[in-house]
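My entries are below the display.

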Amino acid sequence: MASTIYDLGYQRYDGARLGRGYSFRTLWWYSVKAAFGSGRGEQARRVPILVAAITFLPALVQVGVASASGMINFISYGNYLEFASYAIALFVAAQAAELLVNDKQNGTLALYLSRPIGATDYALAKLAALTTATVVIVMGPQLLLFLGRVFLPDKPWTAFKEEWMKLLPIVGGSLLVSFFFAAIALALSSFAMRRAFASASVIAFFLLTPALYAVADTITTGALRRWVVMINPVLVVSGYSKWLFELEASRRSVVGRADLPGQAYFWVVLGASLVASGVLLSRYRKNET
Amino acid sequence: MTSTSLISAKDLTKHYGDVHALDGLTCDVAPGVVGFVGANGAGKTTFLRILLGLLESTSGTASVLGFDIASQALEVRKVVGYMPEHDCLPLDVSATEFVSHMGEMSGLPFTAARERAAEMLRHVGLHEERYRLIGSYSTGMKQRVKLAQALVHDPRLLLLDEPTNGLDPEGRDEMLELVERTGRSFGISLLLTSHLLGEIERVCETVIAIDAGKLQYFGGVSAFTNRTQVLMVDTDDELPEFAAKLRARGLDVDGAGVRLRVALKDDATYDVVRDVAAELNAPLARMELERHRLEELFVTRSG
């Protein structure tokens with residue numbers, strides 16, 4: 001009889017009950033794993049694998065070539081973030097929908113919000129999770145380059161002493177750029193009721209802003225024209241990483257022509273990230289589903 | 001309003017524009033198995049969602065197990081398990097993974113959450129299938145997962161919103177048995193909504209009935225069903241004097257022709273009908289209790 005099985009089942013629980021911070025960490029880690037498709041079907045892993053391939057491959061090639069040819073200077077970090085921008089955009093477009101819109105579409109949000117966390121906690125945990133997942137994609141290849149520059153030369157210790165200062169821009173840059181992409185993607189996705197719309201709106205944002213920039217670039221002149229690069233998130237990230245790694249932008253490049261103070265890019269990245277976070281949080285201000 | 005009361009509401013009101021989903025609801029419910037009945041759209045779900053803080057009331061106050069829903073929402077949610085009416089499960093994870101995740105969300109440490117998830121899935125009869133993806137489950141199995149996730153943190157109060165919705169008669173039976181068992185044997189208080197009176201009758205001790213957001217009845221379930229029961233009396237031939245005689249004996253009689261509807265006051269009503277039928281030598285064809293739908297109950301009371 002099925003009923004005899006049920007009888008064994010229910011027992012009261014009088015063990016530990018942890019607080020709100022624990023619930024927050026639980027949701028954060030569960031969402032980080034979800035962003036990489038862990039515990040889910042093969043389909044859920046497709047985008048993370050593709051993006052990881054795009055971002056890690058050039059790092060592997062650089063380290064490989066440097067190792068074969070002995071030309072350590074072949075390895076450089078400076079253009080990495082700019083190069084990876086579109087891959088990162090693809091990643092956050094897919095995974096913001098996975099983390100945020102899935103819960104709305106499945107109705108699971110109501111279950112979360114009837115647990116002892118607030119709606120703001122929920123949104124912050126999702127933001128922290130997507131930022132974390134993006135850091136893995138963004139910082140991983142740069143750390144690989146760093147290891148290449150340290151361990152390929154004959155004297156790793158000497159190389160490390162010369163190179164370790166680069167860790168600061170690598171870590172700092174990766175954190176802020178990941179936060180930038182995650183916050184924008186989640187803010188846009190918070191308006192969508194279906195996953196496809198969320199992903200499409202994020203991809204559209206990263207495709208249309210450069211187009212908008214191109215238009216603005218042709219119709220503006222003088223000082224204003226220099227500042228319109230700030231419309232284009234890819235150029236902003238590029239300018240920011242050049243400033244971080246203290247590189248001189250090529251005179252022929254857009255960022256070089258704009259000739260703006262490097263700090264300006266930092267403030268724009270930070271400001272845009274905070275504005276996007278504010279939009280996301282305002283969407284989850286009320287505990288209502 | 002005492003600290004021992006399960007749910008206490010005072011003038012609880014929720015308006016959506018001109019629609020009054022809840023209209024000055026006041027009640028003080030003691031722990032136990034409580035039924036919450038009302039037609040679809042009567043405000044049942046709204047009430048549950050306000051208790052959980054998923055909706056804000058327009059005015060009025062309420063408390064759950066002594067915790068104020070507005071200022072102590074997190075405390076309320078710690079001690080309450082909620083099974084929504086709508087779909088609420090992710091499809092691409094296994095039941096065991098999801099239920100234990102929900103346990104952790106309620107504060108259970110990892111190992112405890114895993115253990116509780118396995119126990120709860122066994123409790124609801126899904127032990128064998130617990131590693132399968134939820135997307136591959138039938139409606140009945142999903143309902144069981146919904147119940148398991150509401151129980152995983154061992155709540156003191158379980159809010160079940162139409163738990164039998166979408167189930168076939170057999171599934172309904174099993175779900176009700178499960179709900180009954182959970183409420184009766186394990187000392188968890190239950191608030192169960194349904195638009196089917198039969199379900200409430202079967203499982204609950206107390207009933208709250210609302211219609212258009214207003215409280216219609218609050219009290220014991222037997223008193224509620226008795227006072228609204230109707231005896232159907234069919235005769236083979238039309239006997240106008242039958243109805244007249246029943247009315248003369250103090251009964252409330254509806255209808256004409258071969259079918260009369262007699263309001264059932266108590267067991268003596270049966271005797272009166274029998275005596276009158278014998279007196280008139282009426283050819284009685286059938287005499288049985290009418291199954292009411294909720295809508296009729298409310299009409300009977302206000303009319």
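Entry 1, conventions. I am working from a predicted model, in which local features need pLDDT of at least 70, side-chain atom pairs count only at pLDDT 80 or more, and totals for chains, interfaces and linings use all residues. Residues are numbered from 1 along each chain as its sequence is written, while chains are lettered from A and ligands numbered from 1 in the order in which they are written.

I took a nonpolar core as a set of buried Ala, Val, Leu, Ile, Met, Phe, Trp, Tyr and Cys residues joined through C-beta atoms within 7 Å. Buried means 20 or more other C-beta atoms within 10 Å of the residue's own, with C-beta atoms placed from the backbone. The largest core has 150 residues, and A:Val92, A:Ala96, A:Leu130 and A:Ala185 touch the most other members. A second, separate core has eleven residues, including B:Val230 and B:Phe242.

I took strands as DSSP runs (E, at least two residues), numbered from the N terminus. Six of the six residues of S9(B), 206–211, are buried, so the strand is largely enclosed by the rest of the structure. B:Thr206, B:Ile208 and B:Ile210 lie on one side, and B:Val207, B:Ala209 and B:Asp211 on the other.

Entry 4, pairing. I counted strands as paired if DSSP finds at least two bridges between them. S3(B), residues 33–37, runs parallel to S9(B) with four bridges; B:Phe36 is partnered with B:Ile208. S10(B), residues 214–220, runs antiparallel to S9(B) with six bridges, and there B:Ile208 is partnered with B:Phe218.

Technical notes
Buried ≥ 20, exposed ≤ 12 C-beta atoms within 10 Å, placed from the backbone.
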